[in-house]
Amino acid sequence: MTSAKIGGRRRRSPRFTIGLTLIALILFSGLCALGSWQVYRLAWKRDLIARVDARIHAAPVPAPRSITSDDEYRRVTASGHFLHDKAVLTQAVTVRGPGFWVMTPLVTDAGFTLMVNRGFVPQDNRTRYSRPQGTVQIVGLLRLTEPKGGFLRSNDPAAGRWYSRDVAAIAAAQHVAPPVADYFVDAGANCAPDTAPVGGLTVVRFPNNHLQYAITWFILAAMVAGAYIFLMRRDPEDSAE
């Protein structure tokens with residue numbers, strides 16, 4: 001029973017009032033918590049975007065032997081010689097269409113090997129790309145390794161099928177001698193833009209929809225509060241008609 005007659009008029013039962021209040025309070029608190037979390041995420045995402053933007057446009061620094069997650073997208077430089085016979089192709093989809101990234105180990109002058117994404121080659125040109133000999137210098141963006149394969153696809157080293165740039169797995173499959181850095185570098189654009197592989201195609205984009213999400217949650221919280229006030233102020237006689 002949601003209401004009872006008292007003095008000729010219908011009144012809500014205390015059980016109904018308490019239950020409705022608890023439900024409204026739980027919903028309102030939960031929605032406000034979600035909105036507040038999105039506000040926090042918005043501040044975090046804006047800070048991340050600002051930090052990454054600063055790294056991308058900073059002067060390159062020597063490629064380090066090891067890194068932390070805070071080093072991603074830092075511009076680095078390294079010199080050494082490529083091991084073209086140990087290169088692998090990993091599946092890629094770019095603004096130029098589907099194809100492959102050319103992942104080639106670079107034995108650096110600093111005494112370790114660095115996996116370099118030299119750039120993109122299309123599917124019908126997967127073996128016809130430049131292979132510079134001797135000492136080279138590369139400049140690019142530091143990227144974190146991509147273990148466990150791509151979306152719904154696992155790397156198959158035995159078959160030579162690579163869907164992600166898993167540095168450790170590529171180094172093991174190609175028998176690259178240690179030490180090998182635990183990251184890879186996306187090489188910058190080539191001096192000759194039509195020379196394969198085509199570098200400089202790194203997409204740095206962080207979706208930032210947290211403001212819209214926060215507004216949505218707070219609007220829903222306001223709707224719950226409004227509905228609660230409406231129901232509590234509504235005459236039970238009206239709902240009984």
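1. Accessible areas come from the Shrake-Rupley method with a 1.4 Å probe, and for residues only the protein chains shown count as cover. On that basis the chain has an accessible surface of about 14,300 Å², with 60% of it belonging to carbon and sulfur atoms.

2. This is a predicted model, in which local features need pLDDT of at least 70 and side-chain atom pairs count only at pLDDT 80 or more, while totals for chains, interfaces and linings use all residues. Residues are numbered from 1 along each chain as its sequence is written, and side-chain values use heavy atoms, with hydrogens and water left out.

3. The chain holds 4 helices and 9 strands (DSSP runs numbered from the N terminus, H or I of at least four residues for helices and E of at least two for strands), in the order β-β-α-β-β-β-β-β-β-α-β-α-α. Its radius of gyration, taken over C-alpha atoms, is 29 Å, well over the 18 Å that the globule rule (2.2 Å times the number of residues to the power 0.38) gives for 241 residues, so the chain is more spread out than a compact globule.

4. Helix 1, residues 14-56, has 43 residues and reaches 62 Å from its first C-alpha to its last, close to the expected 63 Å (1.5 Å times one less than its number of residues). Its buried residues (under 20% relative accessible area, 1.4 Å probe, protein chains only) include Leu20, Leu31, Gln38 and Arg55, and the buried residues of helix 1 pack against strand 4 (75-82) and helix 3 (210-233).

Notes:
Buried < 20%, exposed > 50% of the residue type's maximum accessible area, 1.4 Å probe, protein only. Contact = heavy atoms within 4.5 Å.
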